[in-house]
Amino acid sequence: MLQRESELANLKNQLNPHFLFNALNSIRALTLSDPHNAREMLTLLADLLRVSLSVNQYNLIRVQDEMNIVQDYIALEAMRFEERLITSIHISEEAMTARIPTFCVQLLVENAIKHGLAKREQATLISIEIIIDNQQLIIAVNNSGIYQPGASAGTGLQNLKQRLAIMYQDRASFQITQKPLEQVSAIISLPVEYD
């Protein structure tokens, strides 16, 4: 049990610098071209970091609390990408109070922006759907683009896979697949848990 807790703590400690590095890169991109928005982004980042420090002590968080973090993150990136970032969010009512690993949805959205939106000139739709199906909580984040498996094997996704394996053993799954019409889908399936 102590080894499991130690491994989870180590993985969570890796996650914060990963997220911070990506957010700071977004702000850096605007400092010369749009200082006003860069300042606004710093304010959003400060709010995000304050929230992340308060929830980071927990392995699990309610979906609705995770989505507050995700929406702040999307607002941060929307200042950078403006009208190129289009989002659609659907969360079933019964899923809102289910518990999930902290930052798992945020990480999928971050990955979708990095590999979907940032590499395209045109507007990109990022959709988030969280539902309960057959006693499993299904988290799906889809984005426009072409899936390139080697490009998506970064620290954040490896971290997520390890966290899921430690927390759920073989009761959880994570996969990224290419869908028709240049759509990439990242799906996590977890056993449903409530407070």
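Predicted model: local features only at pLDDT ≥ 70, side-chain atom pairs only at ≥ 80, totals over all residues.
Which residues does V109 touch, not counting residues up to four places away in sequence? They are V70, Y73, I74, I128 and V141.

**Helix α4 and V109**
- Helix α4 covers residues 104-117, and V109 lies in it.
- V109 has a relative accessible area of 1%, so this residue is buried, the cut-off being under 20%.
- V109 and A140 are 31 residues apart in sequence, while their C-alpha atoms are 9.8 Å apart in space.

**Helix α5**
- Helix α5 takes in residues 155-168, which makes 14 residues.
- Several residues of α5 are buried, among them L157, L160 and L164.
- Other buried residues in α5 include G156, N159, R163 and Y168.
- After α5 comes Q169, which has a positive phi near 50°.

- Strand β6 (residues 173-179) and strand β7 (residues 183-191) run antiparallel, joined by 7 bridges.

- F174 sits in strand β6.
- With a relative accessibility of 16%, F174 counts as buried because the cut-off is under 20%.
- Leaving aside neighbours within four places in sequence, F174 is in contact with L157, L160, K161 and L164, among others.
- The contacts of F174 also include L108, A186, I187 and I188.
- F174 and L160 are 14 residues apart along the chain, and 8.7 Å separates their C-alpha atoms.

**Salt bridges**
- How many salt bridges does the structure hold? There are 2.
- One of them joins the side chains of D65 and R62, at 3.0 Å from N to O.
- D65 is partly exposed at 26% relative accessible area, and R62 is also partly exposed, at 28%.
- R99 forms a salt bridge with D195, with the closest N and O atoms 2.9 Å apart.
- This pair links distant parts of the chain, 96 residues apart: R99 is in strand β3 (residues 99-101), and D195 is in the segment after β7.
- R99 counts as partly exposed at 23% relative accessibility, whereas D195 counts as exposed at 70%.

Methods: Residues numbered from 1 in each chain as written. Heavy atoms only, no water. Helix = DSSP H or I, 4+ residues; strand = E, 2+ residues; numbered from the N terminus. Buried < 20%, exposed > 50% of the residue type's maximum accessible area, 1.4 Å probe, protein only. Contact = heavy atoms within 4.5 Å. Expected span 1.5 Å × (residues − 1). Pairing = 2+ DSSP bridges. Salt bridge = Lys/Arg side-chain N within 4 Å of Asp/Glu carboxyl O.
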